[in-house]
Amino acid sequence: MSYKIYSDEYFMNEALREAQRAGEEQEIPVGAVIVADKRIIARAHNMTQTLNDATAHAEMLAITAASNSFGAKYLNECVLYVTLEPCIMCASASNWSQLGRIVYGASDQKAGFGRIIQDILHPKTKIKSGILEKECSSLLTEFFKDKR
């Protein structure tokens with residue numbers, strides 16, 4: 001399926017590609033991209049198993065890569081697209097990096113930041129949820145179905 005270029009759906013589809021890579025590597029299939037000026041400056045997927053690091057979430061790796069690419073610790077002009085609602089750790093990292101916007105696909109009923117603490121994000125960060133939610137959710141459902 002093709003999406004209008006530079007739309008939220010277009011960039012979420014790129015995050016989904018990262019999530020698929022994670023699944024192929026037997027990682028929980030979560031992917032992220034960070035966009036600045038309609039250009040992807042960072043791509044990442046979960047690598048907690050590969051790196052043996054509980055903090056190697058897609059968002060954390062993408063924020064680090066974007067900061068390196070951008071040459072700055074603040075990413076207030078950037079948008080994080082992630083296939084799963086960020087956890088508290090990743091939401092806190094987005095706060096410290098002052099991301100301008102977060103767009104996520106599937107909600108995380110167990111560990112998503114919105115269920116646990118509402119005011120963890122930077123006050124200027126805008127949130128949009130549910131982009132390609134069905135595709136993001138089904139990737140996770142299929143992954144865990146195969147594991148159980």
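These legends walk you through close-up views of a predicted model. Residues are numbered from 1 along each chain as its sequence is written, and side-chain values use heavy atoms, with hydrogens and water left out. Because the model is predicted, local features need pLDDT of at least 70 and side-chain atom pairs count only at pLDDT 80 or more, while totals for chains, interfaces and linings use all residues.

**View 1. Ring pairs join Y6, Y10, F11 and Y81 into a cluster.**
The structure holds four aromatic pairs. In Y6 and F11 the ring centres are 6.3 Å apart and the planes meet at 25 degrees, so this pair is stacked. Y10 and F11 pair edge-to-face, with 5.1 Å from centre to centre and 80 degrees between the planes. (Rings of Phe, Tyr and Trp, the last by its six-membered ring, pair if their centres lie within 6.5 Å; planes under 30 degrees apart are stacked, over 60 edge-to-face, and the rest tilted.)

F11 is buried, because its relative accessible area is 3%. Y6 is partly exposed at 43%, and Y10 is also partly exposed, at 27%. (Buried means under 20% relative accessible area, exposed over 50%, and partly exposed in between, using a 1.4 Å probe and protein chains only.)

**View 2. H45 sits in strand 2, residues 39–45.**
Strands here are DSSP runs of E with at least two residues, helices are runs of H or I with at least four, and both are numbered from the N terminus. With a relative accessible area of 5%, H45 is buried. Its side chain makes a polar contact of 3.0 Å with the side chain of E25. (A polar contact is a pair of N or O atoms within 3.5 Å; within protein, one must be able to donate a hydrogen and the other to accept it, and residues adjacent in sequence count only if both atoms are side-chain atoms.)

**View 3. Helix 6 (residues 133–147) gives the largest share of the lining of the largest pocket, five residues.**
Of the 22 lining residues, the closest to the pocket centre are I28, L84, D108, L140 and F144. (On a 1 Å grid over the protein atoms alone, a pocket is an open set of points where a 1.4 Å probe fits, with protein on both sides within 12 Å along at least five of seven lines; lining residues have an atom within 4 Å of a point.)
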